[in-house]
Amino acid sequence: MTVESEFNLALHDWQPAPDLFADRVMLITGAGDGIGRELARQCAGHGATVILLGRTVRKLESVYDEIVAAGAPEPVIHPMDLAGAQPEDYITLADALAEQFGRLDALVHNAAMLGSLTPITHYPGERWYQVMQTNLHAPFLLSQACLGLLNAAGEARMLFVADEVGRRARAYWGAYAASKAGLEALMQTLAAELETNTGIRVNSLDPGAVRTRLRTQAYPGEDPNPLPLPADVIDGFLYLLGPDGQAHTGRQFTRTPEGRLIG
């Protein structure tokens, strides 16, 4: 893999073109809530046809309605519970996308389960499995199933939503930290395998502390009001998913509170 110098971009110096994702087909997991919901809306607003993948149909329908009401390309709803999905479910999804679109221009692994903040000594085995299944096994299976579609797009993007505890673990974060660390390794493995002979570029992005449901679960006593909303941190995602993202692969990016994208 090519070794690059540290990347540092002031995101206010970069503005997405209105047609940034015109005619692109983009699959976003966890699209019913938080960052996934906002990213789906923004990508559609910039011209993409978005596949909305999530567990709760009602939430996906709400995102669908917002996108259609805004006059953006009609999205596709694909309900899936990643915690219980089987390998054949991902193959079925990929086959349906191949039949309908013939390619996939971007895949964003956003869905995540926190589990519990519990010492390893007492961590429930079933909960550990569910978190690993959602946060790590599902991205592996979905990536594997969609690689042919991404390759068919020519210049495609795969983006993993990261967390600082996956890069430097802390006590009690258990399965969540372990799964996010595994996700970083999966990202780097895919990037190294795909860099030379494909146009698929693979990166991870930690958006920092954001006012989401998962953040509230992790920090129930925290005042959420000072935290940025998902809409405030989407610019880094748009940058990496757009044409400028072609310059980067295998990198662990972070969006700083000051609005810089570093990696």
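Analyst: A residue is called buried here when its relative accessible area is under 20%, and exposed when that area is over 50%. The model is predicted. By that cut-off, the buried residues of helix H7 are Ile-234, Gly-236, Phe-237, Leu-238, Tyr-239, Leu-240 and Leu-241. H7 covers residues 234–241 and is mostly covered, with 7 of its 8 residues buried. Over the chain, 49% of the 263 residues count as buried.

The chain has 7 helices and 9 strands. Its radius of gyration is 17 Å, which agrees with the value near 18 Å that a compact globule of 263 residues would have. The C-alpha trace spans about 50 × 40 × 40 Å along its principal axes. Among contacts between residues at least 6 apart in sequence, 73% join residues at least 24 apart. The accessible surface comes to about 11,800 Å², and carbon and sulfur atoms account for 50% of this surface.

Now the open space. The largest pocket holds about 1,000 Å³. Its lining is made up of 46 residues, and those nearest the centre of the pocket are Asn-110, Ala-111, Ala-112, Met-113 and Leu-214. Helix H6 (213–218) is among the elements that supply at least two lining residues each, together with helix H1 (34–45), strand E3 (49–54) and H5. H6 gives the most, with 5 residues. Sorted by class, the pocket lining has 21 nonpolar, 13 polar and 12 charged residues.

The structure holds 2 cavities of 30 Å³ or more. In the largest cavity there is about 60 Å³ of space. Residues that line this cavity include Thr-29, Leu-82, Tyr-90, His-109, Asn-110 and Ala-111. Asn-110 and Ala-111 are also among the residues nearest the centre of the largest pocket. By class, the lining of the largest cavity has 7 nonpolar and 5 polar residues, and no charged ones.

The second largest cavity has a volume of about 30 Å³. It is lined by Arg-215, Thr-216, Tyr-219, Pro-220, Glu-222 and Pro-224. Here the classes come to 3 nonpolar, 1 polar and 2 charged residues.

Two loop positions complete the picture of the chain. Most residues other than glycine have a negative phi. Asp-23 has a positive phi, near 65°, and its place is in the loop between strand E1 (8–10) and strand E2 (25–29). Asp-23 is exposed, with a relative accessible area of 65%. Tyr-172 also has a positive phi, near 80°. Its place is in the loop between strand E6 (157–161) and helix H5 (174–194). At a relative accessible area of 52%, Tyr-172 counts as exposed, because the cut-off for that class is over 50%.

Notes
Residues numbered from 1 in each chain as written. Predicted model: local features only at pLDDT ≥ 70, side-chain atom pairs only at ≥ 80, totals over all residues. Heavy atoms only, no water. 1 Å grid on protein atoms, 1.4 Å probe; cavity = no way out; pocket = protein on both sides within 12 Å on 5 of 7 lines; lining within 4 Å. Points joined across faces, edges and corners; volume = space filled by probe spheres on them. Nonpolar A, V, L, I, M, F, W, Y, C, P; charged D, E, K, R; others polar. Helix = DSSP H or I, 4+ residues; strand = E, 2+ residues; numbered from the N terminus. Buried < 20%, exposed > 50% of the residue type's maximum accessible area, 1.4 Å probe, protein only. Rg over C-alpha atoms; globule rule 2.2 N^0.38 Å. Contact = heavy atoms within 4.5 Å. Areas by Shrake-Rupley, 256 points an atom, 1.4 Å probe, with all protein chains shown as cover.
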